[in-house]
Amino acid sequence: IVVYCNRDTATTRLAKKGFSRSEAIKRMRAQMPISEKKKHADLLIDNNKGVKNTESQVKQIFQGLSST
């Protein structure tokens, strides 16, 4: 499962945790690109649209995995 968000969202969230913009970008560049992570994932969670939307996606995935 890969949980992803766009670069602006990630940068904003890291800034709220005390990281500077340059530190946030440096961290993101040190990781495998999201596009590559998505290629290897069986399931994706789009974390761009807020907590309720993310929770809904998690519940759907959980239900799908529980029924198999």
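**Entry 1: Leu43.** I started with Leu43, which I found in the loop between α3 and β2 (44-46). A note to myself before going further: this is a predicted model. Is Leu43 buried, partly exposed or exposed? I read a relative accessibility of 30% for Leu43, so I wrote it down as partly exposed, given that buried means under 20% and exposed over 50%. Next I checked its contacts, skipping neighbours within four places in sequence: Leu43 is in contact with Ile1, Val2, Ile61 and Leu65. I also took a distance to Arg29, which is 14 residues from Leu43 along the chain; their C-alpha atoms are separated by 23 Å.

**Entry 2: Ile25.** I moved on to helix α2, where Ile25 lies. Its relative accessibility came out at 15%, so I count Ile25 as buried. Ile25 and Thr11 are also 14 residues apart along the chain, and I found 7.1 Å between their C-alpha atoms.

**Entry 3: Thr11.** That distance sent me to Thr11, which sits in helix α1. Why do I list Thr11 as buried? Its relative accessibility is 8%, and the cut-off for buried is under 20%. I then followed its side chain, which reaches the backbone oxygen of Arg7 at 2.8 Å. Leaving out residues up to four places away in sequence, I noted that Thr11 touches Arg21, Ala24 and Met28.

**Entry 4: helix α1 and its ends.** Which residues of α1 are buried? For this helix, residues 7-16, I listed Thr9, Ala10, Thr11 and Leu14. I asked what covers them, and the cover includes α2 (21-29).

At the N-terminal end I found a cap: a side-chain oxygen of Asn6 lies 3.2 Å from the backbone nitrogen of Asp8. The side chain of Asn6 also has a polar atom 2.7 Å from the backbone nitrogen of Thr9. Asn6 itself lies in the loop between β1 and α1. I read 38% relative accessible area for Asn6, so it goes down as partly exposed. One more distance for the page: Asn6 and Ile34 are 28 residues apart in sequence, and 8.9 Å apart in space from C-alpha to C-alpha.

Past the other end of the helix, I noted that α1 is followed by Gly18, which has a positive phi, near 100°.

**Entry 5: the nonpolar core.** Which residues make up the largest nonpolar core? I counted six residues in all: Cys5, Ala10, Leu14, Ala24, Ile25 and Met28. At least two residues of this core come from each of α1 and α2. The largest share, three residues, is supplied by α2.

**Entry 6: the largest pocket.** I then turned to the pockets. The largest has a volume of about 430 Å³. I found 17 residues lining this pocket, and the closest to its centre are Cys5, Ala10, Met28, Gln31 and Ile34. Which elements give two or more residues to the lining? I wrote down β1 (2-4), α1, α2 and α3 (34-40). The largest share of the lining comes from α1, with four residues. Sorting the lining by class, I got nine nonpolar, three polar and five charged residues.

**Entry 7: Ser35.** Is Ser35 buried, partly exposed or exposed? The relative accessible area of Ser35 is 47%, so I logged Ser35 as partly exposed; exposed would need over 50%.

Methods. Residues numbered from 1 in each chain as written. Predicted model: local features only at pLDDT ≥ 70, side-chain atom pairs only at ≥ 80, totals over all residues. Heavy atoms only, no water. Buried < 20%, exposed > 50% of the residue type's maximum accessible area, 1.4 Å probe, protein only. Contact = heavy atoms within 4.5 Å. Polar contact = N/O pair within 3.5 Å; in protein donor to acceptor, adjacent residues only side chain to side chain. 1 Å grid on protein atoms, 1.4 Å probe; cavity = no way out; pocket = protein on both sides within 12 Å on 5 of 7 lines; lining within 4 Å. Points joined across faces, edges and corners; volume = space filled by probe spheres on them. Nonpolar A, V, L, I, M, F, W, Y, C, P; charged D, E, K, R; others polar. Core = buried A, V, L, I, M, F, W, Y, C linked by side-chain atoms within 4.5 Å.
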